[in-house]
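My notes are below as numbered points, meant to be read with the structure open beside them.

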Amino acid sequence: MMDEVIHEERRNDSNNDLHRSTEYWYSDGNVVLVASNGVAYRVHASRLSQHSSLFRGMLTLPRPDTEELLEACPVVRLHDPESDLYAFLTHIYMAHRLVTY
């Protein structure tokens, strides 16, 4: 099954400062990463954990009852610029597509 990508849209609810990524918003994603400028990426915690010990540790910590959620997914606000987060996600999501058979 191919992952569905949802195009950028401004949120009008309690997360109105967020803008959905035009490329990395997967309907089956289970965590939302937010870059410093408010661009949000709904991605897969398992993929983040597979490629980053930092995310692996962060995503195994107990979650507070008051954590921020977006579409039932925990929101992780990062201080990283959008360009860095986008480059990281491109690396972990597109690396397998570069392999030729």
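1. A word on terms before the details: helices (H or I, at least four residues) and strands (E, at least two) are DSSP runs, numbered from the N terminus. By that rule Ser 21 lies in strand S1, residues 19-25. This is a predicted model, in which local features need pLDDT of at least 70 and side-chain atom pairs count only at pLDDT 80 or more, while totals for chains, interfaces and linings use all residues. Residues are numbered from 1 along each chain as its sequence is written, and side-chain values use heavy atoms, with hydrogens and water left out.

2. For the overall layout, the protein chain has 3 helices and 5 strands. Along the sequence they follow the pattern β-β-β-α-α-β-β-α. Of its 101 residues, 39% count as buried (under 20% relative accessible area; exposed is over 50% and partly exposed in between, with a 1.4 Å probe and protein chains only).

3. The 5 strands form an open sheet in the order S1-S3-S2-S5-S4, with mixed pairing. Its edge strands are S1 and S4 (69-70), each of which pairs on one side only. Two strands are taken as paired if DSSP finds at least two bridges between them. In general, strands of a sheet pair through backbone hydrogen bonds, either parallel or antiparallel.

4. S2 and S3 run antiparallel and are joined by 4 bridges, with Val 31 opposite Val 43 in S3. These two strands form a hairpin with 4 residues between them, and Gly 38 in the turn has a positive phi of about 95 degrees. With S5 (residues 73-77), S2 runs parallel through 3 bridges, and Val 34 has Arg 77 as its bridge partner there.

5. Which way do the side chains of S2 point? Val 31 and Leu 33 point one way, Val 32 and Val 34 the other, and all are buried.

6. The side chain of Ser 21 reaches the backbone nitrogen of Glu 23 at 3.0 Å and has a polar atom 2.8 Å from the backbone nitrogen of Tyr 24.

7. The whole structure holds 6 aromatic pairs. Rings of Phe, Tyr and Trp (its six-membered ring) pair if their centres lie within 6.5 Å; planes under 30 degrees apart count as stacked, over 60 as edge-to-face and the rest as tilted. Tyr 24 and Tyr 26 form a tilted pair, 6.3 Å centre to centre with 45 degrees between the planes. Tyr 24 and Tyr 41 have ring centres 6.5 Å apart and planes at 45 degrees, so this pair is tilted. Because Tyr 24 lies in S1 and Tyr 41 in S3 (residues 39-43), the pair ties together parts that are 17 residues apart in sequence.

8. Are these tyrosines buried or exposed? Tyr 24 is buried at 0% relative accessible area, Tyr 26 at 5% and Tyr 41 at 1%. Ring pairs link Tyr 24, Tyr 26 and Tyr 41 with Tyr 86 and Tyr 93 into a cluster.

Terms used:
A polar contact is a pair of N or O atoms within 3.5 Å; within protein, one must be able to donate a hydrogen and the other to accept it, and residues adjacent in sequence count only if both atoms are side-chain atoms.
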